[in-house]
Amino acid sequence: MSLKIYTKTGDKGKTFLLGGEKVDKSDLQIEAYGNVDELNSFVGLLQNQSGINDSIMAQLTWIQENLFSLGSILACSTDFKGMKLPEITIKQTRQLETWIDKYEEDLPKLTSFILPGGHPSVSACHICRTVCRRTERSIVKWSNHKKIDENITSFINRLSDYFFILARAISKNLNLEETLWIVNK
C-alpha cells in the first residue's frame with residue numbers, strides 16, 4: 001500500500017497531530033515542530049557542503065535522527081498513546097557537550113563576536129545556529145501552554161552552541177581567518 005502525498009485535509013488551514021487531534025496550522029505546536037523540520041532540512045544542506053569530513057558527517061546524521069525524534073514528540077496530541085516514541089534525554093545533550101568541548105580545545109579563545117561567513121560550510125553552520133535559536137524560541141513559547149520535558153529545551157539550546165563551535169572548527173580546518181566584529185571600526 002502506498003500513501004498519497006496529498007490528503008486535502010489541510011486545504012482549510014487545519015492539520016492533524018499524531019493521535020488525531022485537529023488543530024489550526026498556525027497553532028504554536030505546529031510552529032514548534034515545523035521549525036524543527038526546517039532545522040533538520042538545513043542540517044541536510046550543511047552535510048552537502050565542502051569541508052564536511054566523515055566525523056562531522058556522522059555527527060550531523062546523529063543530529064538529524066534526534067531532530068526527527070524531537071519533531072515526532074512535538075507533533076503528538078496530549079493524550080497520544082498510539083506508539084512508543086523515541087525520547088530526548090540528558091544523554092543527547094551531553095553528547096553535544098562532548099563534541100563542543102572537543103572542538104573548543106583546538107580553537108583560539110574568543111575576544112570578539114564573529115561575523116557569520118567566510119565559506120559556504122561556515123555560513124551553513126551559522127544558518128543552522130540561527131534557525132535552531134528560532135526553533136528554541138518557538139518551543140519555549142509553546143511550553144508556556146503545554147508542559148514539555150526540560151530535556152527538549154536543553155538539547156535544542158545546546159545544539160545551537162554546537163553549530164556555533166562547528167562553524168569555528170570548520171574555519172580552522174579550512175585555514176580561514178574568522179572575521180571579528182569590531183565596533184566603530
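A residue counts as buried under 20% relative accessible area, exposed over 50%, and partly exposed in between. Keep that in mind as you click around this predicted model.

**Stop one: F164.** Select F164, which you'll find in helix α5. Its relative accessible area is 21%, so F164 is partly exposed. Now show what F164 touches: leaving aside neighbours within four places in sequence, the contacts are L110, I114, H126 and R129.

Next, colour the largest nonpolar core, which has 38 residues. Which of its members touch the most others? They are L39, L60, L67, L70, L159, Y162 and F163. Then look at where the core comes from: α1, α2 (54–74), α3 (90–105), α4 and α5 (150–173) are the elements that give two or more residues. The biggest giver is α5, with eleven residues.

**Stop three: α4 against α5.** Hide everything but these two helices. Their axes come within 8 Å and cross at roughly 165°. That angle is over 145 degrees, so α4 and α5 are roughly antiparallel. Turn the view to look at the crossing, which is left-handed. What kinds of residue make up the contact of α4 with α5? There are 14 nonpolar, seven polar and four charged ones.

**Stop four: α1 against α4.** Keep α4 (residues 120–143) on screen and bring in α1 (residues 28–47). This pair packs at an angle of about 165°, and the axes are 9 Å apart. Here too the helices are therefore roughly antiparallel to each other. The crossing of α1 and α4 is left-handed. Colour the contact by residue type and you'll get 15 nonpolar, five polar and four charged residues.

**Stop five: S121.** Stay on α4 and select S121, which lies in that helix. Is S121 buried or exposed? With a relative accessible area of 0%, S121 is buried. Show what surrounds it: not counting residues up to four places away in sequence, S121 touches L46, Q49, S50, G51 and I170.

**Stop six: T93.** Jump over to helix α3, where T93 lies. T93 has a relative accessible area of 1%, so this residue is buried as well. Leaving aside neighbours within four places in sequence, its contacts are N151, S154, F155 and R158.

**Last stop: N175.** Finish in the segment after α5, the place of N175. At 72% relative accessible area, N175 is exposed. Check the backbone while you're there: phi of N175 is near 55°, a positive value in a residue other than glycine.

Terms used: Residues are numbered from 1 along each chain as its sequence is written. This is a predicted model: local features need pLDDT of at least 70, side-chain atom pairs count only at pLDDT 80 or more; totals for chains, interfaces and linings use all residues. Side-chain values use heavy atoms; hydrogens and water are left out. Axes are lines fitted to C-alpha atoms, for helices over the stretch in contact, and angles run from 0 to 180 degrees between N-to-C directions. Helices (H or I, at least four residues) and strands (E, at least two) are DSSP runs, numbered from the N terminus. Angles under 35 degrees count as roughly parallel, over 145 as roughly antiparallel, 65 to 115 as roughly perpendicular and the rest as oblique. A crossing is left-handed if the near helix is turned anticlockwise from the far one by less than a right angle, and right-handed if clockwise. Ala, Val, Leu, Ile, Met, Phe, Trp, Tyr, Cys and Pro count as nonpolar, Asp, Glu, Lys and Arg as charged, and the others, Gly among them, as polar. A nonpolar core is a set of buried Ala, Val, Leu, Ile, Met, Phe, Trp, Tyr and Cys residues joined through side-chain atoms within 4.5 Å. Buried means under 20% relative accessible area, exposed over 50%, partly exposed in between (1.4 Å probe, protein chains only). Contact means heavy atoms within 4.5 Å.
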